[in-house]
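Thanks for passing this one along. Here are a few notes on how the chains meet, in the order I would read them.

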Amino acid sequence: MSDNNNKKIIETEVPMGMVHSAAIEPYRVRLFVEDEIVRDAEITVGINHRGIERIMEGLPVEKANSLTEKICGICSNSHIWNSVLVAEKALGIEIPERASYIRIVVEELERLHSHLLYLAHGSEVLGHETFAMRLFYIRETVMELLGMIGGNRVQYGAPIIGGIRPRCDLNEMRIKKIKEGMDFLEEKVAAFADRFTSDPMIMARITGVAVLSKKDAIRLATSGPTLRATGVDIDLRRDMESYDPFEFDIITQKDGDVKSNLLVRVFEIFESIKIIRQAIGNLPPGKITNRSWGMQDTPIVKSYIEVPRGKLYHSYKLEEGRTRNVIVRTPSITNIGAMEHACIGAHITDAQLAIVQCDPCFTCTDRAIKIIRL
Amino acid sequence: MTILNSLIAVFGTLILAFLVSIWLPGIERKFIHARIQQRVGPPISSLGIMAPIKFFFKKTIIPNSPMPNLYNVLPVISLLSCVFIFLFIMPQMYYLGALASIIAIVGLLKIEEVIYMFMGSLSKSILSVNMPFPDLAKGGKHRKATRSFLEELSSLRAFRLIAFGSFPIYIAFFVPVAIAKSIYIGDIVLYQQINGPILFTVAGAIGALVYFIGYMILLNEYPFVILKTKADVIEGPLLEYAAKYRAYVYLTRGFLMFVLASLFATLFLGIPPNIFDWKVLINIGVAILFPIAMALLSAFSPIFTFRQFYPVVAGVSILGILAIIAAFI
Amino acid sequence: MSLKSYSRARAVHVMLVYTGGCNGCDIEIVNCIFSPRYDAEQYKVFLTWNPREADVLVVTGPVTKHTEKPLKEIYNSIPEPKAVVAAGACALMGGVYKNIHGDIPSEEIAGPVDEVIPVDAKVPGCAVRPEDILSGLVATLPKLLEAK
């Protein structure tokens with residue numbers, strides 16, 4: 001009945017999840033296999049559906065902003081930042097330059113910890129426990145820096161409408177610590193990358209596995225580093241106003257296999273370190289919050305930003321200081337197609353690797369999806 | 001008197017082997033993996049001794065299986081076949097003739113492997129098909145496909161491993177056979193007592209390498225862990241064991257580590273395990289050295305899928321055949 | 001201390017079930033087991049993904065409707081003696097997802113963990129800190145050790 005994309009009838013199905021050792025998040029994947037080679041895959045999300053957009057409906061905008069942070073524990077700053085950007089765009093608020101710089105520092109630190117987590121999870125799925133542990137050790141530095149800036153290791157809530165939270169201002173001591181942390185990270189990640197790419201067993205495992213071609217990636221509306229790994233040179237950071245003062249390169253790889261995906265993330269780590277160094281090097285003095293703004297009713301305003309996983313979209317309209325018609329679209333929802341496609345043709349042990357290579361974050365994704373009742 | 005002596009020797013050696021073997025998983029985890037991963041690691045008694053004792057004290061449950069009793073008995077059979085292998089390589093048992101030969105040991109190891117297949121097809125864990133989840137919803141893909149448990153996948157893999165995965169270790173067994181020109185373990189040991197250990201000949205050295213790879217494949221250690229990899233089948237055939245049956249699984253693994261290393265010492269060094277001989281220390285030394293070498297390799301390797309597994313096994317098998325040819329020359 | 005309690009204290013197998021939190025707690029718990037800085041294995045805590053092997057079940061998240069039944073099934077398949085640790089604000093009382101509706105009951109959330117399965121230790125925090133997770137695990141030990 002539903003065998004329209006495969007002519008042969010597939011006979012065996014192996015369901016995995018929603019509790020599984022390779023997939024840390026709760027999601028269900030059904031793999032359709034023939035002789036241990038995956039012929040088709042189906043990823044079911046919606047397990048995590050908590051209805052956060054409905055909760056946000058009608059909340060005061062400041063409250064709604066801090067609620068968006070609870071969408072995801074990995075890219076929490078990206079959500080709150082984008083949500084704040086929507087309000088600022090709608091109300092026409094200018095933010096001080098210093099606040100903009102500090103937002104960039106927090107966002108890039110978040111990209112660092114997200115990419116390191118991605119690499120660690122990838123190593124774990126590859127079966128390489130030692131690398132996973134070393135990467136978690138490196139990542140701990142970033143978590144401590146984030147804890148120092150925001151006061152919490154995971155949800156730090158730095159941006160507020162008009163600037164950043166006073167707690168998150170960077171003084172001399174903090175800048176010194178961030179500098180030291182960046183030096184440590186650069187050294188350790190470079191050593192790791194050398195070791196990783198010169199390991200013949202790992203390279204044999206990941207080269208040419210779970211390939212996503214450029215054409216398919218564009219057809220499936222992939223976004224973020226997964227798209228850049230197939231050779232498409234798109235990064236929203238290039239067009240974002242906040243990133244204008246900084247020099248950085250956009251990393252692309254050609255092949256679209258697991259190796260390219262891992263390498264894109266590794267090189268992006270170095271670019272993030274570069275951005276953070278520039279930001280804390282020329283941190284402008286002055287105020288960190290612009291308090292002179294008034295609330296008014298606005299039509300629906302949209303905002304797109306580049307987050308560690310790709311393109312993030314937030315939009316809402318303001319009515320009497322309350323949010324209405326909230327829509328959030330996270331990068332992982334567009335990458336699900338790529339995940340299912342990358343599985344096809346891989347050995348079943350590589351199937352989870354093919355899903356992990358697209359950097360899934362299903363807790364982000366499971367907000368606005370309607371539960372289909374049986 | 002001699003019978004009594006032999007009995008004491010056999011049981012003494014068995015108990016000694018058991019006492020050493022329960023420390024091996026802990027040593028592997030604490031001194032090798034944890035040190036390489038730059039952390040403190042668990043105490044060495046935890047994995048090999050305390051975990052089985054803990055499982056013995058847990059409440060027994062009925063596993064999700066079409067034949068729960070048969071499923072629960074399988075690890076005991078596996079442990080017994082290990083014990084028999086160990087009995088047959090002791091010098092007191094050489095009068096048994098055909099039983100104390102390479103053929104009997106190959107047969108017993110085959111039991112060890114075949115059991116994984118039975119385990120896989122009998123286990124029906126909650127973690128895949130049985131998970132209460134609305135899979136076959138309207139609009140789902142391929143709704144008529146047969147739904148297979150994760151363990152069935154591992155059962156299939158166990159079948160493949162029987163077919164080709166254990167080649168290296170069996171070929172390595174026949175290197176000493178070819179050199180000593182006898183399949184009886186007694187003769188192989190005697191040959192080495194006269195002519196020196198086989199390990200120090202060219203054929204023997206290559207054979208030892210092949211034996212080591214075969215040892216890792218038989219123990220399902222990284223990178224040859226495809227039977228129970230965490231990336232897809234979680235623990236594979238062992239998923240449903242709980243309480244004391246899981247304790248047997250734990251003990252079997254530690255004991256098999258010891259037995260295979262001890263077999264190596266017998267076949268390649270000419271030192272069978274015997275508690276009345278000071279050379280048993282060398283035997284135990286080899287048994288500790290083998291897991292350490294295995295752990296060193298496994299800490300730095302990812303899982304091999306069949307794409308890497310086939311070439312490795314084929315290459316190692318060819319090496320083994322070369323060793324046998326070298327032995328005849 | 002009897003051999004039974006001694007062996008139970010020396011090998012604690014922990015299983016994690018995520019029931020729809022925001023990933024924050026989940027990663028902190030994995031961090032506490034995998035990161036060499038916290039290294040739960042030095043306190044004889046081992047991570048497992050198999051309910052048949054587990055002693056302690058760590059649950060995060062507010063238990064969405066989809067995860068209610070699987071959570072119960074997994075809890076039932078752990079052999080006795082067993083303990084449950086609820087980690088994070090969502091697991092304790094539903095977090096922002098359950099409580100911000102006011103009087104209107106939430107349609108998506110089946111309730112905090114202790115409405116679904118019995119909970120022995122509660123670890124607060126949003127997100128929980130790795131140190132707190134370890135102390136939460138330790139808090140369940142007396143129950144495990146004294147069980148028959």
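Predicted model: local features only at pLDDT ≥ 70, side-chain atom pairs only at ≥ 80, totals over all residues.

1. The side of chain B that touches chain A. Here 40 residues of chain B are in contact with 40 residues of chain A. Two or more residues each come from strand 1 (146-147), helix 6 (150-165) and helix 12 (306-328) of chain B. Helix 12 of chain B gives the largest share, three residues. By residue type, this side of chain B holds 21 nonpolar, 11 polar and eight charged residues.

2. The side of chain B that touches chain C. In this case 29 residues of chain B are in contact with 23 residues of chain C. The elements of chain B that supply two or more residues are helix 3 (44-56) and helix 10 (243-269). Of these, helix 3 of chain B gives the most, with six residues. The make-up of this side of chain B is 17 nonpolar, five polar and seven charged residues.

3. A word on size. The counts above are of residues in contact, whereas the size of an interface is often given as the accessible area lost when the parts come together.

Definitions and conventions:
Residues numbered from 1 in each chain as written. Chains lettered and ligands numbered in written order. Contact = placed C-beta atoms within 7 Å. Helix = DSSP H or I, 4+ residues; strand = E, 2+ residues; numbered from the N terminus. Nonpolar A, V, L, I, M, F, W, Y, C, P; charged D, E, K, R; others polar.
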